[in-house]
Amino acid sequence: MIDILRGILKQQRKNKIIIDVNGIGFSVSVSKKVIDNICPLNQEIEIITYLDVKEDSLSLYGFSDEKEKEIFRLLISVSGISCKTAHNILSYAGFAEIIGLITNKQNLRMIKIPGIGAKKLDLISVALRDKILKISLDTETEKELKADSSDISLKEQARLEAANALMTLGYVRTDAEKLIREVIKNYEGPDLTTEELIKKSLELIS
């Protein structure tokens, strides 16, 4: 279930906004992507939300799409990472940057996030490296793959999906395809699945 908050944007202060929904103001802590694409004040806004329920408070967090919300959920699944800390990360780093941090494709010191040191980023990377592969393909790529699946073999489809996943992680197509060819060349056994191709490609890099 996707929780959506729709109303009129009344205020914006750094990474927080207030949305008027039928006369009730909702304060929402939002991601960098939401702020980067925010509409003008007094216009209708729609965002995907996550409600953090504590004994003494209720806090709303807002995201531009479901994939960004899934990144947030993964971050808070890491021991020691609270909703506030996960929101802080998403306030300074976009989806692609976080993918890069988790997979070690992005230098940990290239992005400065207040209160988040290299050790904590390392902890996040280790905890989420395998899980992140499941959401690395973007929606448009998945639609294209499904549309083309009837025209290509399952083996070729897995190679195409893996290549697109590596491109999402920041690799150019030629490098992604070269990695996958190398994995297949060195592997003896049944055809690899998409996830296996991605994992073995990343292992080859490391």
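These legends walk through several close-up views of a predicted model.

Residue numbers start from 1 along each chain as its sequence is written. Local features are given where pLDDT is at least 70, and side-chain atom pairs count only at pLDDT 80 or more, while totals for chains, interfaces and linings use all residues; side-chain values use heavy atoms, with hydrogens and water left out.

View 1. Start at the N terminus and the elements run β-β-β-α-β-β-α-α-α-α-α-α-α-α. Helices (H or I, at least four residues) and strands (E, at least two) are DSSP runs, numbered from the N terminus. Of the 206 residues, 40% are buried, where buried means under 20% relative accessible area, exposed means over 50%, and partly exposed is in between (1.4 Å probe, protein chains only). Among contacts with a separation of 6 or more, 52% join residues 24 or more positions apart; a contact means heavy atoms within 4.5 Å. The accessible surface comes to about 12200 Å², and carbon and sulfur atoms hold 49% of that. Areas come from the Shrake-Rupley method with a 1.4 Å probe, and for residues only the protein chains shown count as cover.

**View 2. Helix H8, residues 173–185.** H8 has 13 residues and spans 18 Å from its first C-alpha to its last, close to the 18 Å expected at 1.5 Å a residue. That expected span is 1.5 Å times one less than the number of residues. Ala176, Leu179, Ile180 and Val183 are the buried residues here. Looking down the axis of H8, they fall within an arc of 95°, so they line one face of the helix. The arc is taken from the directions that run from the helix axis to the C-beta atoms. An α-helix has 3.6 residues a turn, so residues three or four places apart point the same way. Over on the other side of H8, Thr174, Lys178 and Lys185 are exposed.

**View 3. Helix H5, residues 118–128, and what it packs against.** Which residues of H5 are buried? They are Leu121, Ile124, Ser125 and Leu128. Seen down the axis of H5, these sit within an arc of 100°, so they line one face of the helix. That buried set packs against helix H2 (66–76), helix H3 (83–92) and helix H4 (95–102). Turned away from the buried side, H5 shows the exposed residues Lys119 and Val126.

**View 4. Ile99 in helix H4.** Is Ile99 buried or exposed? With 0% relative accessibility, Ile99 counts as buried. Leaving aside residues up to four places away in sequence, Ile99 touches Ile71, Ile132 and Leu169. Ile99 and Ser125 are 26 residues apart in sequence, and their C-alpha atoms are 9.1 Å apart in space.

**View 5. Aromatic rings around Tyr61 and Phe72.** A search of the whole structure turns up three aromatic pairs. The rings of Tyr61 and Phe72 have centres 5.3 Å apart and planes at 35°, so this pair is tilted. Tyr61 lies in strand E5 (residues 58–63) and Phe72 in helix H2, so the pair ties together parts 11 residues apart in sequence. Rings of Phe, Tyr and Trp (its six-membered ring) pair if their centres lie within 6.5 Å; planes under 30 degrees apart count as stacked, over 60 as edge-to-face, and the rest as tilted. Tyr61 and Phe72 are both buried. Ring pairs link Tyr50, Tyr61, Phe63 and Phe72 into a cluster.

**View 6. Two buried cysteines, Cys39 and Cys83.** Cys39 has 18% relative accessibility, and Cys83 has 8%. How many disulfides does the structure hold? The count is zero, using pairs of cysteine sulfur atoms within 2.5 Å.

**View 7. Loop residues Asn22, Lys14 and Asn42.** Asn22 lies in the loop between strand E2 (16–21) and strand E3 (24–30) and is exposed at 78% relative accessibility. Asn22 and Gly7 are 15 residues apart in sequence and 7.5 Å apart in space, C-alpha to C-alpha. Most residues other than glycine have a negative phi. Lys14, in the loop between strand E1 (4–13) and E2, has a positive phi near 55° and is exposed, with a relative accessible area of 76%. Asn42 has a positive phi of about 70°. Asn42 sits in the loop between helix H1 (32–36) and strand E4 (44–53), and at 52% relative accessibility Asn42 counts as exposed.
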